[in-house]
Amino acid sequence: MSGSASISDLTIQLGSGPRWAAVRSHFGISSFGVNAYVGTDADSDVISEHDEMGRRSGRHEELYFVSDGHATFTVNGDEIDAPAGTFVFVRDPAAKRKAVSMEAGTTIVVAGGTPGQAFTPSEWERQAPILAFFATKEYDKAIKGLEEMRAETPDDPTVLYNLACALAQDGRKDEALVRLRESIDINSDFRENAKTDADLDSIRDEPDFSAITGQVSSSGTSS
């Protein structure tokens, strides 16, 4: 299919971070990844620091294009000034990269793929439209979408973690603790996330939360 769309028509708010435009899924593109991010404020992360080496990363080459505003990229510690019209290419999947907006509304389009491999959407991209329900506090819809993903990939720690967050926000504490434990059992990295994640505040003082995360609760208990 062919078509056109404005970034403003595609963006959704993901928590307190940048707005995200689901370009690839909107057009049904299957041969490469392409999406866009819009910084809400000056001096805020538009592209959060990451590399492409994690077990759930695609080891992508990534091409960034600043279509509006002004950004500063940092790639392996090297700063790149990137006003509107600038391309930034990162070939090495191990390179740490991030971009900070110098102006509100800074917009960065990113395309990526793995050399020699067919493109497969990341788990994060599949979850992103569901995570938008956190911003609108429609946690029942987030739970429904994440439960559907859990049925497809029951051992995905990211799905389990985000489901725990949605359940906690919806007041379903016991279920939230079960999913949080499952997530951390699969990927212990989520233990540190849980200690500061505001989405889990409603279960933070539960004894099982301390047992799962090792964090001392306000009552002074810990495992």
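Predicted model: local features only at pLDDT ≥ 70, side-chain atom pairs only at ≥ 80, totals over all residues.
**Helices α3 and α4**

Helix α3, which spans residues 123-135, packs against helix α4, residues 139-152, at an angle of about 160°, and α3 and α4 are therefore roughly antiparallel to each other. Their crossing is left-handed. On the α3 side the contact is made by Glu123, Arg126, Gln127, Ile130, Phe133 and Phe134, which meet Tyr139, Lys141, Ala142, Gly145, Leu146, Met149 and Glu152 of α4.

**Helices α5 and α6**

Helix α5, residues 157-169, and helix α6, residues 173-186, pack at an angle of about 155°, so α5 and α6 are likewise roughly antiparallel to each other. Here α5 passes α6 in a left-handed crossing. From α5, the residues Pro157, Leu160, Tyr161, Leu163, Ala164, Leu167 and Ala168 meet Glu175, Ala176, Arg179, Leu180, Glu182, Ser183 and Ile186 of α6. The residues of this contact of α5 with α6 divide into 10 nonpolar, one polar and three charged.

The packing geometry of the two pairs is set out below.

| Helix pair | Angle | Axes apart |
|---|---|---|
| α3 (residues 123-135) and α4 (residues 139-152) | about 160° | 7 Å |
| α5 (residues 157-169) and α6 (residues 173-186) | about 155° | 8 Å |

Terms used. Residues numbered from 1 in each chain as written. Heavy atoms only, no water. Axes fitted to C-alpha atoms, helices over the stretch in contact; angles between N-to-C directions. Helix = DSSP H or I, 4+ residues; strand = E, 2+ residues; numbered from the N terminus. Parallel < 35°, antiparallel > 145°, perpendicular 65-115°, else oblique. Left-handed = near helix turned anticlockwise from the far one by under 90°. Contact = heavy atoms within 4.5 Å. Nonpolar A, V, L, I, M, F, W, Y, C, P; charged D, E, K, R; others polar.
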